[in-house]
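The sequence and the structure come first.

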Amino acid sequence: MSPGPFTALSRFLGHFRWAFMPLGLLALIAVGVHAAADTLDDRLLAVVDLADAAFDRVVGRYSLTAPLVDLLSLERRTTLARALALIWELTADVVLALPALGYREELSSPVRPSLHLPRRDTWRAMLVRCLRKPTTMRWIRPLATALVAVAGACTVARLVQGSVYLSWRELLGDGAADVVARGLALAALAGLLWRLGWRAVLRNLQHADAASEQHARGFARAFAYGLPGSALVAPLALAAALDASPLWSFVR
């Protein structure tokens, strides 16, 4: 019996998973990082305002430097805060999203590929090493990836919800359009986390585990190796969890 058109199409597209799966993981993480960075704009502006106020107090004490008090206007401070947020976001993308490009699968059948996981790279083996040989990278990077992946999935789900509701409310009415929009948003959220989210976490765990095994031997190295990048993404991950992942909004 010859395969149907959808089976043939599935097999054809399966040959390109090596390209679009890593790009999908990268995109999900990047969207989550962007959503988290958006919530930090006002906080960064507040930090810039405090730094500017401290600078003004210092230079205002002396007549020679007093003209520098007005060096940074509100517009310049806002621009500076936005530039810092953009730099922070792009750097976090490098730390969390680039490892996703190393994601690989093997074809266990003509249609359904499976993860290529050597025995030492299984979830259980890596989690055991996280407990027995903890390092900064092993703990921070996968957890940060999980939080920003949820934020990215929530961002896409909110986009689906808003688009469906605005498109269908005249046809179905506000109540029915709201129910359909919430249902499709939840489906998009679950689908993204099921197909991409856990893979993004796994890939970053693999990357952190391999780097730790190679470079983070001894207590001092285990703590210091990867610390700058982990410290950079930790606040973004916290912002993603607290401000950019409105999970309850899809069911309330």
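What share of the residues of the chain count as buried? Of the 252 residues, 35% do. The model is a predicted one.

## Chain make-up

The chain holds 9 helices and 2 strands. Read from the N terminus, the order of the elements is α-α-α-α-β-β-α-α-α-α-α.

Taking contacts between residues at least 6 apart in sequence, 80% link residues at least 24 apart.

Nonpolar side chains tend to be buried together in soluble globular proteins. In this model, the largest nonpolar core comprises 40 residues, and Ile29, Val33, Leu96 and Leu236 have the most contacts inside it. Two or more core residues come from each of α2 (17-38), α3 (41-59), α4 (74-96), α6 (136-172), α7 (174-215) and α9 (227-243). The largest share, 8 residues, is supplied by α2.

Which residues does Leu96 contact, leaving aside its neighbours within four places in sequence? They are Ile29, Val33, Arg141, Ala144, Thr145, Val148, Asn204 and Val233.

## Surface

Leu23, Val94, Leu98 and Leu101 make a nonpolar surface patch of about 340 Å².

Within this patch, Leu101 lies in the loop between α4 and β1 (105-107). Why does Leu101 count as partly exposed? Its relative accessibility is 36%, and partly exposed covers values between the 20% limit for buried and the 50% limit for exposed.

Conventions. Residues numbered from 1 in each chain as written. Predicted model: local features only at pLDDT ≥ 70, side-chain atom pairs only at ≥ 80, totals over all residues. Heavy atoms only, no water. Core = buried A, V, L, I, M, F, W, Y, C linked by side-chain atoms within 4.5 Å. Buried < 20%, exposed > 50% of the residue type's maximum accessible area, 1.4 Å probe, protein only. Helix = DSSP H or I, 4+ residues; strand = E, 2+ residues; numbered from the N terminus. Contact = heavy atoms within 4.5 Å. Patch = residues over 30% accessible without salt bridge, like charges linked within 9 Å, V, L, I, M, F, W, Y side chains within 5 Å. Areas by Shrake-Rupley, 256 points an atom, 1.4 Å probe, with all protein chains shown as cover. Salt bridge = Lys/Arg side-chain N within 4 Å of Asp/Glu carboxyl O.
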